[in-house]
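Q: Could you show me how to read a protein model, one feature at a time? I would like to begin with a pocket.

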Amino acid sequence: ENDSSPDAKIAIRLKLNFDKPISAQFHDSVQVSDVSSRVWDKVRRENIIRTQIREKLVTNLQVLQTVGANTVTTTAAIPLSVGLTFGMPATVNVANTAGAVARIQLIDGGLLTLGQNTEVRIEAGLITLVTGSAHYVSGSTDVTVVAPGGTITLLGTDIDVVSNGTDSTIRVRDGSVRLVGTVSGTITMAAGDNVSIQAQQRIG
């Protein structure tokens, strides 16, 4: 046959040993196991690891400064120390002693400084001032600050917030904010503005 012929020939050569039974000279076909499930499990484990690493990078906060018996609570309360990292959500408490302060850096570069006798809860994209005083310089992502009496949307901002747990005062150092007051309504504040808000309407 020449190379262009559509016909093909296959030669099979069998070697038989007539001293052994035929059945002993042929083996059963080998069953090839399905490895797709093992490949899937490996990919799933790798994706879980990548997700865990990504979540850790996104949610970790770092303590830059702490003075006083300050604590952070995620699952249990632990003392703050310089260099400590912790995840969100978390509640930070600053001691009610003279000079107590805590400074925390968010993963987006935002800086949160808390004064004496302050409690604040930090979540992804949300900072809630329960009581006390906080100075916040926004980072590269949008963060909303909630204080008794209103919700503050930051627009590239440096602000001070002080609250006694019922009423709050907001001062804008730089940039601007949109303030939605529980009682006072919605206003936009610019650098230099100072506003006091109430959590509830006073009667009488």
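**Reading the model step by step**

A: Happy to. The residues lining the largest pocket divide into 9 nonpolar, 2 polar and 3 charged. Keep in mind that this is a predicted model.

Q: What is the volume of the largest pocket, and which residues are the closest to its centre?

A: Its volume is about 170 Å³. Of the 14 residues that line this pocket, Met88, Ile107, Ala124, Gly125 and Thr141 are the closest to its centre.

Q: Let me step back to the whole chain. How many helices and strands does the secondary structure come to?

A: The chain has 2 helices and 14 strands. We can pick out some of those strands and ask how they pair. Take β11 (residues 150-163) and β12 (residues 167-181): they pair in the antiparallel sense over 12 bridges.

Q: What lies between β11 and β12 in their hairpin?

A: There are 3 residues between the two strands, and in this hairpin Gly165 takes a positive phi near 100 degrees.

Q: Which strand do 6 bridges join to β12?

A: That is β13 (residues 185-190), which runs antiparallel to β12. These two strands also form a hairpin, with 3 residues between them. Here you meet Ser176 again: its bridge partner in β13 is Ala190.

Q: How does β12 pair with β14?

A: They pair in the antiparallel sense, over 5 bridges. Find Ile170 and you will see that it stands opposite Val195 in β14.

Q: Let me follow Val195, then. Is Val195 buried or exposed?

A: A residue counts as buried when its relative accessible area is under 20%. Val195 has a value of 19%, so it is buried. Val195 sits in strand β14, which covers residues 194-198.

Q: Which residues does Val195 touch, leaving out those up to four places away in sequence?

A: Val195 touches Ser168, Thr169, Ile170, Leu179, Ile187 and Met189. Take Ser168 as one example: it is 27 residues from Val195 along the chain, and their C-alpha atoms are separated by 8.4 Å.

Q: What share of contacts in the whole chain join residues at least 24 apart?

A: Among contacts between residues at least 6 apart in sequence, the share is 36%.

Key. Residues are numbered from 1 along each chain as its sequence is written. This is a predicted model: local features need pLDDT of at least 70, side-chain atom pairs count only at pLDDT 80 or more; totals for chains, interfaces and linings use all residues. Side-chain values use heavy atoms; hydrogens and water are left out. Helices (H or I, at least four residues) and strands (E, at least two) are DSSP runs, numbered from the N terminus. Buried means under 20% relative accessible area, exposed over 50%, partly exposed in between (1.4 Å probe, protein chains only). Contact means heavy atoms within 4.5 Å. On a 1 Å grid over the protein atoms alone, a cavity is a set of points where a 1.4 Å probe fits but cannot get out, and a pocket is an open set with protein on both sides within 12 Å along at least five of seven lines; lining residues have an atom within 4 Å of a point. Grid points are joined across faces, edges and corners, and a volume is the space filled by probe spheres set on the points. Ala, Val, Leu, Ile, Met, Phe, Trp, Tyr, Cys and Pro count as nonpolar, Asp, Glu, Lys and Arg as charged, and the others, Gly among them, as polar. Two strands pair if DSSP finds at least two bridges between them.
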